[in-house]
Amino acid sequence: MVETTAPRMDALGDLRKRVQRVGPLVGGSLVLLLIVWLAINLAKDPATFTKAFLIGVTNGSVYALVALGYTLVYGILELINFAHGDVFMLGGMMSATMMVSVFSIGTGESAGTLWPALLASLAVAMVFCGVLNASIERVAYRRLRNAPRLAPLITAIAMSFILQNVGIAWKGPNYVSLPVGILPHGTIFTIGKNAYHWDDLIVVLLTVPVLLALNWLVQYTKQGKAMRATAQDREAAAMMGIDVNRTISFTFLIAGGLAGAAGLIYATYFTSIRFDQGFQLGLFAFTAAVLGGIGNLPGAVLGALFIGLVQSFNNTLGWHAPGSDWTQSIVFSILILILVFRPEGILGERTPEGG
Amino acid sequence: MDLDELRRLRHDLREALARPWRARWTALGAVGLTEERWRGWPVTYRRAVNAGALGLLALVVLAPFSGFDLGALYTWIVFATLYVPPWERIPLVGRYIPALGMLLVVVLYPFYNDKLYTVPILGAFPDVHTGVVMLIFVMMGVGLNVVVGYAGLLDLGYVAFYALGAYSAAWFASVQFAGQNANGSPKRFWHFGSIDVDKALGGIHISPWILLIVAGIFTSLIGMLIGLPTLRLRGDYLAIVTLGFGEILPQVARNGDNLFGQNLTNGPQGIGPLDPLGFGHTLHRAIGLPANYQTAANGDDLFFWTAIVLVLITVFCSLRLRGSKLGRAWIAIREDETAASAMGIPLMRTKTLAYAIGAFIGGVAGAYFALFTSSANPDSFSLNFSVFVLVMVILGGMGNVWGVLFGAAFLAYLDQAGLANTGAWLNQHLGLTIDVPKYEFGIYGVILLIVMLFRPHGLIPEARRKMEFELGVHDEPLYDAVVGADHAAGAE
C-alpha cells in the first residue's frame, strides 16, 4: 500500500483516531477478561474444559480448511468470495453421495473397505469443488475484474444463493444424513473422563498435511511464485510473463479443492449436512481468515482454531457461558471488533504470502 | 460455453431483434408513410397512432392467454387518456398531469383491483393486502438506494434497521413493558395518544403516528452508531460488517426474552398485538378521518393509502436529496473517495449521513410493517431479506429512484404471488412438477448474476451510474492508506 500524506480530517476522523488509540486498551482488557473466565472454568470443572478444548480443535480444523480458501482468493483478487461456503456445502453433499450411494459405506466398516472409499471420495470431492470454484471464477468474476468494487461482491452473493439452490435441487431442503459412526471411533487417549477418539484425530490429521502441502506450494513452487507475484501486482506480473488468468484460475482451483476436503470431513464427521449450512460456516471461516489477517495462510489456520475454540467453549463450558444461542452473535462481534480495531488481523500482514 | 461466444451470441440476438425495427420505415414507406411525413404530423396524432399500435400488440399477445377482456380495454383507455392528449401545453400544471393521473390510478386501486384481468403467466393482479406489503418493500428499496445507489456503500444488513424499526414500534405500542405487581395487576402505564386502548391496560402506548417517527430516529441513531466505527472500512469489509450486524440483531431479538433477566423482545414468539393505527374518534367525528384502521371494514385500503403517502414522502425526499449538496457529495465519494476528500468533502460525516438516512427509512418501513401485521417477529428478519431488498435496488438501477420503484414493486409482487403463479402456469403448460417458490432465492441469485454480468447499471439506469460502469471509476478507498500511515507512524 502506497503511503499517502494524511488528508484533512474532520471531527469524526479525529474521533476515529482517538478510538483507535484506545483500541489496544479495550482489546487487551477483553482478552484479559477472557483468560480469567477460561481460568475459572478450568479450575471449576477441568473435565468439561478439556472436552471443550478437544471439540474446539476439531471444529477449528474444519474451519481452517474453509478459511484458507477465503484467504487465498482474497489474497489474489481482493474479493470476498461469498460463494466459497456454498462450494464447501456442495463438496459435503458430493462426499455424502460418494460414501453412501457409490461405495455404500455403513457404520463400522473394516479399515480395508473404509480407507480406499474415503480417499476416493476425498479425491472426487476435491476435484469437484476445485473445478466448480474455478468455473465460478471464469463465468462470474472474470469479466468484472475492472468493474467498480461492488459489482464482483454482489455477483459473489448471487453465486452463493444460486449454489444453495443447486443444493436444494440436488438433495432437497432437509438434512442429508450419513450413517452415524462412519469414521472409526476407537479411543486414543483419555484425560479425566474425556476420551479422544480416532475420528477426532482424523480431522486434525487431514488438516495438518494439507496445510503443509499448501505452504510448500505457495512458497517453493513456480506456480506459487506466480501466485504471490499476481497477488502483489497483477499488471507487473503480467509484464513479467505470468499468465495472470491461469494463475487466478489455479488459485480458485486450489481453494475449491480445500473446500472439497473440508466438505468430506464435515459430512463424515458430523454425519449430516444441509443446503444452508455452507453459508453459515463460510461466514465463521471468513471471520477466522480476517482474524488471522486476511491473505495470510498460517494466520487463517490460527484464526480458525481460535474461532473453533470460542465456539466450543461458549457452547460447552458451565460457568457463565452464554451458550449456543449466542454463538453467532459472539463470532460476528469478534469479526466486527477485529475489523474496526485491527483490520490487518492478528498476524498483521496486509497482502498474502508475505507481500 | 466460452464467454466471448456468449457475448457474440448476445450481440447477434440484439441485431436480429433490432433489424425489423430499423426496417420499419421501408415497410411503412411502401404504404405511403415515410419518416418525413410522420415527423410532419402533429404530436397528438403520432401519440394516438403509438397508443393504437401498442393496444393492437397487447391484443395479439393477450388474446391467446385470457381472451379479450373489458378490464384490459379500460387499462388501455386510461393509458391513452394520460398519454395522447397534449397535457403539457396547459400552463403551470400541465406537465404534472400524467404523473398525477398515474398516482390517481394507484390510489384508486382498492376500488377496481378485483375487476382486473389476468396477466399472462404472472397471474392475477395482487389484492390490496399484498399491495401494502409491496409498498412497504418499495419504501425499503428507496431507503437502501440512498446507501447503495447514491453513496456506493454496500449494506448487507439492511434487515437490521427494518427489525429495529419494527421492534421500536412494538415496544411503545403494546403491553410489552407492563411488568407485574405482586397481585398480578400491571405495574406500568403510559398512554399518550393511543386509540381504542383500554386505559387499564399496562405497558407503554404511544400514538403509532409518533412511533413511526420515533422508530426512524431511533434506527438512524443506531445506524450512526454502527456506521461511525465501520464506515471507514473499504467497501467489501463494510459489507461484511453490516452482514454481521444483520445476523447479530435478529439473534438478539430471538434470544431477547432473557437479556440479563429482562424480557426485551419476547423471544421467538415476538411481540403482539400492537395498538391500532388510526386518527381517533374526535377527528373522525369532526372531519371524518378513519378512527381505527384495525377495526375499520376497509382496513387494508386504509393501510394501502397511508403506505402510498409514506412512499410519496420517501420518494420526494430521496429525489430532493439526490440534487442537494449532500447528494452530490455522496456521488463524488462513490466515484472517487480521494478526489472527494481533496475537494473538502468530509468523508466520514457524509457517509454516516447516508447510512443514517437509509436507516431512517428502513426503520419507518419496519415500524409500519409491524403496525400493519400487528406484530414484531424475529423470524421475518434474515439475511435473505437484506439480499432481497438489494436485488430490488440493483435490478431497477442503482441510484435511480424510478428504477428502484419499478424493481421493488416487481420483485415484491414476485415474492408475494407472482412466483407461485408463474410456477403453476409453467407446470400446467409444460407438464412439469417443480415447486418454483422453493427456488425463490436461487431465482433472485440468477437475476442478480445476469444483471451484474450483462447490465450492471440495472434495467432503468441512472445516466451517471451507467457511465461509471462503462468508463470505470477510481474507487480505491482512502482510509486504507491512512490506517497504513498510522501504523507506520506507530512503528517508528
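**Exercise 1.** Where in chain B is the place of S374(B)?

Solution. S374(B) sits in the loop between α16 and α17 (383-396) of chain B. Helices here are DSSP runs of H or I with at least four residues, strands are runs of E with at least two, and both are numbered from the N terminus. The phi of S374(B) is positive, about 60°, although the residue is not a glycine. S374(B) is partly exposed, because 18 other C-beta atoms lie within 10 Å. The burial scale is as follows: buried means 20 or more other C-beta atoms within 10 Å of the residue's own, exposed means 12 or fewer, and partly exposed lies in between, with C-beta atoms placed from the backbone.

The model is predicted: local features need pLDDT of at least 70, side-chain atom pairs count only at pLDDT 80 or more, and totals for chains, interfaces and linings use all residues. Residues are numbered from 1 along each chain as its sequence is written, while chains are lettered from A and ligands numbered from 1 in the order in which they are written.

**Exercise 2.** Compare the radius of gyration of chain A with the globule rule.

Solution. The rule, over C-alpha atoms, is 2.2 Å times the number of residues to the power 0.38. For 355 residues a compact globule would come near 20 Å, and chain A has 21 Å, which agrees. The C-alpha trace of chain A spans about 65 × 50 × 40 Å along its principal axes. Its secondary structure comprises 12 helices and four strands, and 48% of its 355 residues are buried.

**Exercise 3.** Which residues have the most contacts inside the largest nonpolar core?

Solution. 
1. A nonpolar core is a set of buried Ala, Val, Leu, Ile, Met, Phe, Trp, Tyr and Cys residues joined through C-beta atoms within 7 Å.
2. The largest has 223 residues, and V66(A), A67(A), A285(A), V138(B) and A169(B) have the most contacts inside it.
3. Helix α16 (residues 347-373) of chain B gives the most to this core, 18 residues.
4. Leaving out residues up to four places away in sequence, A285(A) touches Y63(A), V66(A), A67(A), Y70(A), G85(A) and A304(A); a contact means C-beta atoms, placed from the backbone, within 7 Å.

**Exercise 4.** Against which helices do the buried residues of α7(A) pack?

Solution. In α7 (residues 222-232) of chain A, the residues A226(A), M227(A), R228(A), T230(A) and A231(A) are buried. The buried residues of α7(A) pack against α2 (46-77), α6 (198-220), α8 (234-239) and α9 (244-270) of chain A.

Terms used
Contact = placed C-beta atoms within 7 Å.
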